[in-house]
Amino acid sequence: MESKEPEPSFSSLSLSSTRWWSEDTVAIVTGANKGIGFAMVKRLAELGLTVILTARDTTRGHKAVESLEGLGLHVHFFCLDVSDPASIKTFAAWFGQKFGALDILVNNAAVSFNDINENSVEHAEAVIKTNFYGAKLLIEALLPMFRRSASVSRILNISSRLGSINKVRNPKIKQILQNDKLSEEHIDGVVSMFLENVKSGTWMNQGWPEIWTDYAVSKVALNAYSRLLAKRYEGCGLSVNCFCPGFTQTSMTRGKGTHTADDAAGVGAMLALISPEELPSGKFFVGFNPIINSKL
Ligand SMILES: NC(=O)c1ccc[n+]([C@@H]2O[C@H](COP(=O)([O-])OP(=O)(O)OC[C@H]3O[C@@H](n4cnc5c(N)ncnc54)[C@H](OP(=O)(O)O)[C@@H]3O)[C@@H](O)[C@H]2O)c1
């Protein structure tokens with residue numbers, strides 16, 4: 001995913017003239033008990049969609065739902081741990097039975113175990129399993145349920161500019177990920193190579209991203225997979241884009257950041273709700289003022 005060659009800014013996009021959705025439009029947000037995910041659920045519910053707030057912890061999830069109810073917003077809840085394939089399977093079965101059709105999936109759930117200036121890879125496996133495979137397995141489980149109507153179904157993967165392809169310094173890995181014939185096996189291979197480097201203690205010299213390396217690799221993989229999916233579903237009623245919300249004040253950044261989760265979610269919701277006529281696919285949206293988008 002290149003963040004250079006910016007294309008036209010989307011900062012002029014507004015929701016006012018483009019209301020294509022209704023209360024029958026169904027959105028799922030993962031990792032939504034707090035932070036940007038919670039704020040995304042709030043914004044989408046305010047805008048009148050049917051929203052399913054998911055969280056890995058039932059108590060935390062219910063607490064989030066209650067706080068939205070306190071604001072007069074009704075959302076649905078189901079427990080979903082994206083790092084657990086059994087949990088994904090249970091959720092997909094429940095969703096299929098209760099709702100049947102899906103319009104918007106926001107893959108937001110993610111972990112990082114590092115403080116801002118740290119770069120430990122102690123939890124690399126959990127990071128990759130949650131941030132990359134969590135999103136991927138959930139997408140696979142829900143793919144048959146996307147409505148793919150005239151309003152165009154959409155997947156918005158919450159990614160990070162730390163996972164831009166230009167953060168990868170190893171030319172061979174870069175080449176694999178940028179290849180036009182990129183396959184899921186190629187992405188899995190890159191991720192496995194990273195985890196092997198971690199196990200053998202050689203990861204520092206292999207040209208992986210320098211900042212929050214395990215997290216960055218998880219997002220590199222998520223971006224590459226998004227590009228692959230966007231290409232696969234081109235013209236088939238399903239759009240796949242990534243969004244980096246920028247440095248946002250959440251638990252992940254220990255409260256540091258240039259803006260609030262509500263600010264980030266305002267932009268995220270706007271991107272998730274781009275009108276079917278304007279909706280791109282295979283794009284990486286970065287930043288706020290202006291929002292730049294580049295090819296995945
Ligand atoms: N904050 C930033 O500056 C920033 C910048 C770029 C990108 N992002 C991205 O924005 C997204 C949201 O992050 P955030 O800043 O809002 O962080 P956050 O406040 O830490 O929220 C992360 C959410 O993900 C959930 N989660 C973690 N592991 C999960 C799992 N296995 N299954 C389901 N949910 C899980 C967490 O649940 P628990 O409460 O149970 O832990 C929490 O609800 C992430 O994708 C992140 O990578 C954030």
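This report describes helix α4 of a predicted model, its packing against α6, and the position of K63.

## Helix α4

Helix α4 covers residues 124-142, a run of 19 residues. From the first C-alpha to the last it reaches 26 Å, close to the 27 Å expected at 1.5 Å a residue. The helix has a kink of about 40°, and this kink is centred on Y133.

## Buried residues of α4

Y133, where the kink is centred, is also one of the buried residues of α4.

## Packing of α4 on α6

The axes of α4 and α6 lie 10 Å apart and meet at an angle of about 160°. Angles over 145 degrees count as roughly antiparallel, so α4 and α6 are roughly antiparallel to each other. The crossing of α4 past α6 is right-handed.

On the α4 side, the contact is made by A124, E125, I128 and F132. On the α6 side, V191, L195 and V198 take part.

## K63

K63 belongs to helix α2, which spans residues 58-69. K63 counts as partly exposed because it has 13 C-beta neighbours inside 10 Å. K63 and R147 are 84 residues apart along the chain, and their C-alpha atoms are separated by 30 Å.

Key. Residues numbered from 1 in each chain as written. Predicted model: local features only at pLDDT ≥ 70, side-chain atom pairs only at ≥ 80, totals over all residues. Helix = DSSP H or I, 4+ residues; strand = E, 2+ residues; numbered from the N terminus. Expected span 1.5 Å × (residues − 1). Bend = angle between axes of the 7 residues up to and from the residue. Buried ≥ 20, exposed ≤ 12 C-beta atoms within 10 Å, placed from the backbone. Axes fitted to C-alpha atoms, helices over the stretch in contact; angles between N-to-C directions. Parallel < 35°, antiparallel > 145°, perpendicular 65-115°, else oblique. Left-handed = near helix turned anticlockwise from the far one by under 90°. Contact = placed C-beta atoms within 7 Å.
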